[in-house]
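Subject: Structure handover

Hello,

Here is the structure I promised to pass on. Please open it first, then read my notes below.

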Amino acid sequence: MFDEPRRELDLWAARGLKASFWMRDDDAVEVSDSLVLLREIAARYAVKIGLAVIPGQAVPELTSFLETNARHFYPMCHGWQHINYNTRHKPAEFGAERPHPKLVHDAELALGSFSAAFRHVKPIFVPPFNRITPALIRALPRVGFFGVSLMPTLLEQKLARLGSKINVALPVPLPDLRSSNRIDVHIDLINWQTRSAQDYRLLAQQLVRELRYRRLGYLRTDSPIGLLTHHLAHNLSIWRACDDVLGFLRSHPAVQFLDLDQWTRAPSQELELRSQAPAID
């Protein structure tokens with residue numbers, strides 16, 4: 001099932017390298033049965049999950065739950081109200097169809113509400129629908145956010161796919177926009193067209209692609225590979241995929257999972273911000 005990723009990780013092990021992974025789950029607003037199941041996943045595989053909480057919708061009980069389960073979850077700020085303002089194109093709450101001052105205003109509201117609920121974490125902004133304007137990315141540190149969690153741009157994804165096929169790194173000239181710390185997700189475990197788990201062959205291909213791109217030097221080898229889930233959308237097949245992917249990764253000696261608390265406490269981060277707005281297709 002994961003033979004090719006295992007062979008790729010064997011190459012990492014042979015070189016004495018460690019592949020770093022982390023996991024983000026989106027759209028938390030309350031303590032649901034699905035969130036409790038996600039906690040069990042986190043405990044089973046000793047993974048601290050970045051939980052993207054919608055501050056404009058979250059109930060107080062969620063704050064208490066996450067405080068009690070601080071070893072399993074790291075709260076992240078998932079936009080403000082998770083509203084789609086883009087009715088003509090792909091959905092976005094913080095996209096280019098809105099004036100920049102309004103985006104900043106909503107980001108400030110989001111930070112105020114989020115920080116009141118989660119005082120002891122450094123706030124990381126997760127734009128709903130994984131879309132955000134480059135100008136707002138640059139403004140996030142001034143608003144007060146420690147970092148941002150995105151997805152790679154379409155150009156980055158295409159170059160990664162091509163590079164993995166020909167076993168060559170294809171660098172993209174990107175301006176230095178290190179005005180914020182960036183920690184991305186790369187592999188969505190959900191097929192949103194079928195509302196079920198991604199095909200395992202596709203998951204294996206994506207794992208190999210992300211691993212190979214780091215081994216080849218296009219990205220730093222310690223740049224974490226992010227897994228993306230949405231607990232409220234999970235059915236049995238998606239929960240099984242979570243188990244299978246995490247079980248596979250945890251079984252290999254060349255894999256380590258990122259501790260988000262340690263990541264935010266590091267003196268400095270060197271994850272570059274991209275010049276293009278991230279998008280999912």
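Two strands pair if DSSP finds at least two bridges between them. Helices (H or I, at least four residues) and strands (E, at least two) are DSSP runs, numbered from the N terminus. The model is predicted: local features need pLDDT of at least 70, side-chain atom pairs count only at pLDDT 80 or more, and totals for chains, interfaces and linings use all residues. Residues are numbered from 1 along each chain as its sequence is written, and side-chain values use heavy atoms, with hydrogens and water left out.

Start with strand S1, residues 19–28. Ten of its ten residues are buried. Buried means under 20% relative accessible area, exposed means over 50%, and partly exposed lies in between (1.4 Å probe, protein chains only).

Which strands does S1 pair with? Five bridges join S1 to strand S10 (residues 225–229), and the two run parallel. Three bridges join S1 to strand S11 (residues 255–257), also parallel. Another three join S1 to strand S2 (residues 49–53), again parallel.

- Ser20 stands opposite Gln256 in S11.
- Arg24 has Leu228 in S10 as its bridge partner.
- Ala28 has Val53 in S2 as its bridge partner.

From S1 the chain crosses through helix H2 (residues 33–44) to S2, and this β-α-β crossover is right-handed. Right-handed means this: with the strands pointing away from the viewer, the path from the first strand over the helix to the second runs clockwise.

Asp27 lies in strand S1. Asp27 is not a glycine, yet it has a positive phi of about 80 degrees. Ala46 is not a glycine either, and its phi is positive at about 50 degrees. You will find Ala46 in the loop between H2 and S2. Ala46 is exposed, with a relative accessible area of 56%.

**A buried histidine**

Where is His72? It sits in the loop between helix H3 (60–68) and strand S3 (73–77). His72 is buried, with a relative accessible area of 13%. Contact means heavy atoms within 4.5 Å. Leaving aside neighbours within four places in sequence, His72 is in contact with Arg39, Ala42, Ala43, Val47, Lys48 and Ile49.

A salt bridge is a side-chain nitrogen of Lys or Arg within 4 Å of a carboxyl oxygen of Asp or Glu. How many salt bridges are there by this rule? The count comes to eleven.

Glu8 forms one of them with Arg215, the closest N and O atoms being 2.6 Å apart. Glu8 lies in helix H1 (residues 3–14) and Arg215 in helix H7 (residues 200–216), so the pair ties together parts that are 207 residues apart in sequence. Glu8 is buried at 3% relative accessible area. Arg215 counts as buried too, at 14%.

Asp26 and Arg24 also meet in a salt bridge (2.8 Å, N to O). Asp26 is buried at 2% relative accessibility. Arg24 is buried at 0%.

Arg220 pairs with Asp222, with the closest N and O atoms 2.7 Å apart. Arg220 is partly exposed at 43%, and Asp222 is partly exposed at 40%. Elsewhere, salt bridges that share partners join Glu8, Arg212 and Arg215 into one network.

**Aromatic rings**

A pair of aromatic rings is described by the distance of the centres and the angle of the planes. Rings of Phe, Tyr and Trp (its six-membered ring) pair if their centres lie within 6.5 Å; planes under 30 degrees apart count as stacked, over 60 as edge-to-face and the rest as tilted.

A search of the whole structure finds eight aromatic pairs. Phe114 and Phe118 form a tilted pair: 5.1 Å centre to centre, 45 degrees between the planes. Phe114 is buried at 1% relative accessible area, and Phe118 is buried at 8%.

Phe125 and Phe145 have ring centres 5.1 Å apart and planes at 70 degrees, so the pair is edge-to-face. Phe125 is in strand S4 (residues 124–125), and Phe145 is in the loop between helix H5 (134–143) and strand S5 (147–148), 20 residues apart. Both Phe125 and Phe145 are buried.

Phe2, Tyr200 and Phe248 form one aromatic cluster.

Best wishes
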